[in-house]
Amino acid sequence: MSHSARSHFGLAMLLAALSTLGPFSIDTFLPAMQAIGHALSASPLQMQQALTVYLLCYAVMMLWHGSISDAVGRRPVVLVTTLLFSLASLGCALAPSLGWLLLCRGLQGLCGGAGLVVGRAIIRDKLDGAAAQRLMSQVTMLFSLSPAIAPVVGGWLFGAFGWHSIFVFMALIGLALFVMSWFALDETHHAHLRSPLAWRSLLRNYLEVLGKRDFQLLAAAVSCNFAGFFLYIPSAPVFLMQHLHLRPDQFLWMFGPAVSGIMFGAFLSGKMAGRRSAREIVTLGYVLMFVAAGANLAYNLSTSAPAMPWAVLPLALYTTGMSLAAPSITLNLMDQFPALRGTVSSMQGFLQTMLSSIVAGVIAPLVWGSTLSLACCMAVFLVLGLVFRTAYRRRLARSVG
């Protein structure tokens with residue numbers, strides 16, 4: 001392996017590790033949600049708000065991570081947020097009430113998205129074209145391990161040491177990433193490239209990005225694609241424990257296939273970079289997602305007693321297509337505004353996470369009552385994603401013509 005390849009792989013490992021704060025905060029405590037609710041005298045719907053509050057704060061702060069990093073540099077943002085995340089996780093472990101838990105979960109959310117947002121900007125700071133897509137795919141592939149590992153680790157910690165240990169574990173992850181970033185993360189956005197952190201310029205930049213129709217359509221497409229899968233994450237305790245009759249330590253039966261699909265899709269994206277056009281890669285991703293959504297609907301229409309493995313295999317194919325299409329769409333999004341990549345990454349992350357928070361707090365509780373309604377909702381989100389992507393392609397064709 002060349003020195004350059006080793007350097008890029010090392011960067012991918014670090015950026016992927018930083019990005020794990022988000023999924024670890026979501027997935028690790030899922031197996032223990034019922035027990036935490038009993039300990040804090042909270043109903044299942046109230047406990048669902050521990051996820052919703054996290055996602056709302058995560059989404060709002062995504063608007064700032066990239067812009068702050070555009071103004072002060074990438075490295076300071078990563079260091080501050082990883083340290084604060086560690087402290088917030090300790091607060092969750094010591095929470096005496098639901099209110100205290102929600103407050104600390106909110107602080108986790110404010111910090112948890114920095115690695116993902118700033119990491120994308122770091123990649124575009126360093127690389128262009130196919131090289132950027134390969135590194136983005138490497139990060140996606142490595143990062144995607146965390147949703148499979150997190151609920152398994154959470155179930156093991158919960159069974160062995162109780163629910164408090166889950167948040168202590170998150171605190172240790174945050175501290176470890178702070179130390180790793182302190183010694184291994186170089187600054188990629190140097191002083192002469194930085195833009196001032198002033199609210200007028202921030203507002204102007206946000207309005208400029210949000211006002212561009214191409215950005216709107218691409219951001220909506222990738223957000224809806226992701227929502228089709230994300231729907232199953234807040235629904236996991238009901239989907240797995242009530243519908244499929246699995247135990248809290250068996251969440252890997254869903255997250256394993258789904259995350260394997262994410263990894264395989266990212267691997268394919270990296271392999272196809274430079275060999276196939278972005279349009280061909282994204283089209284193939286949609287074909288796989290539609291096959292998966294159709295199979296999911298067909299299976300749930302054909303049975304009243306869904307069972308393993310057929311109930312989860314469509315998720316693996318869906319996430320393969322989703323992960324295959326996402327890097328190309330994301331790079332296209334960021335290339336709309338080369339001077340505002342951090343701001344674009346923040347805005348895209350904000351929109352996607354806001355939709356995810358609505359899915360977690362509103363839509364998932366409405367449809368998790370049956371596996372068929374979950375499958376139908378997945379298909380609806382995917383159709384919306386295709387509609388937005390098709391509208392973008394038509395605009396692009398008109399502008400070229």
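## Overall architecture

Of the 401 residues in the chain, 56% are buried, a figure that, like every other value here, comes from a predicted model. The secondary structure consists of 18 helices, with zero strands. The radius of gyration is 20 Å, close to the 21 Å that the globule rule gives for 401 residues, so the chain is as compact as a globular protein of that length. Along its principal axes, the C-alpha trace spans about 55 × 45 × 45 Å.

When contacts between residues at least 6 apart in sequence are considered, 85% of them join residues at least 24 apart.

## Surface and charge

The accessible surface of the chain comes to about 16300 Å², and carbon and sulfur atoms account for 69% of that area.

## Helix H14

Helix H14 covers residues 252-272, and its 21 residues reach 29 Å from the first C-alpha to the last, which is close to the 30 Å expected at 1.5 Å a residue. The buried residues of H14 include the glycines Gly256, Gly261, Gly265 and Gly270, and among the others that are buried in this helix are Met254, Phe255, Val259, Ile262 and Met272. An α-helix has 3.6 residues a turn, so residues three or four places apart point the same way.

After H14 comes Gly274, whose phi is positive, near 85°.

## Asn296 in helix H15

Asn296 is found in helix H15, which covers residues 278-302. With a relative accessible area of 1%, Asn296 falls under the 20% cut-off, and it is therefore classed as buried. If neighbours within four places in sequence are left aside, Asn296 is in contact with Tyr232, Ala311, Pro314, Ala375 and Met378.

## Trp182 in helix H10

Trp182 lies in helix H10, which is formed by residues 164-184. Not counting residues up to four places away in sequence, Trp182 touches Arg75 and Leu79. Trp182 and Pro76 are 106 residues apart in sequence, yet their C-alpha atoms are 9.3 Å apart in space.

Notes:
Residues are numbered from 1 along each chain as its sequence is written. This is a predicted model: local features need pLDDT of at least 70, side-chain atom pairs count only at pLDDT 80 or more; totals for chains, interfaces and linings use all residues. Side-chain values use heavy atoms; hydrogens and water are left out. Helices (H or I, at least four residues) and strands (E, at least two) are DSSP runs, numbered from the N terminus. Contact means heavy atoms within 4.5 Å. Buried means under 20% relative accessible area, exposed over 50%, partly exposed in between (1.4 Å probe, protein chains only). The expected span of a helix is 1.5 Å times one less than its number of residues. The radius of gyration is taken over C-alpha atoms; the globule rule is 2.2 Å times the number of residues to the power 0.38. Accessible areas come from the Shrake-Rupley method with a 1.4 Å probe; for residues, only the protein chains shown count as cover.
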